[in-house]
Amino acid sequence: MISIRKNSALRRLLYGLLLLLAGSAILLTGCYPGEIDSVQETDLVVTLFDKDADFSAYKTYAMPDTIIHICDVLSE
């Protein structure tokens with residue numbers, strides 16, 4: 001009877017580790033956004049804000065869901 005209990009505990013441990021490994025693999029590969037094809041995709045980000053604004057007075061904020069492309073750089 002003791003060997004059956006040890007075997008059962010070992011089996012549960014192995015199944016748990018296998019499940020943890022499979023879940024980790026799914027999470028890590030599922031969060032990958034895709035390939036970066038060029039340097040231009042990660043080139044520059046600019047944020048603008050008013051230095052004189054009192055940000056402690058604000059209780060909410062808004063974040064746009066689109067990116068505005070300001071200008072194109074011509075490479076000739």
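**Pocket lining and surface of a predicted model**

The lining of the second largest pocket has four nonpolar, no polar and no charged residues; here Ala, Val, Leu, Ile, Met, Phe, Trp, Tyr, Cys and Pro count as nonpolar, Asp, Glu, Lys and Arg as charged, and the others, Gly among them, as polar. Those lining residues are Leu 48, Phe 49, Phe 55 and Tyr 61. A pocket here is an open set of points on a 1 Å grid over the protein atoms alone, where a 1.4 Å probe fits, with protein on both sides within 12 Å along at least five of seven lines; lining residues have an atom within 4 Å of a point.

This is a predicted model, where local features need pLDDT of at least 70, side-chain atom pairs count only at pLDDT 80 or more, and totals for chains, interfaces and linings use all residues. Residues are numbered from 1 along each chain as its sequence is written, and side-chain values use heavy atoms, with hydrogens and water left out.

Leu 20 counts as exposed (over 50%) because its relative accessibility is 55%. Leu 20 sits in helix 1, which covers residues 2-30.

Terms used: Helices (H or I, at least four residues) and strands (E, at least two) are DSSP runs, numbered from the N terminus. Buried means under 20% relative accessible area, exposed over 50%, partly exposed in between (1.4 Å probe, protein chains only).
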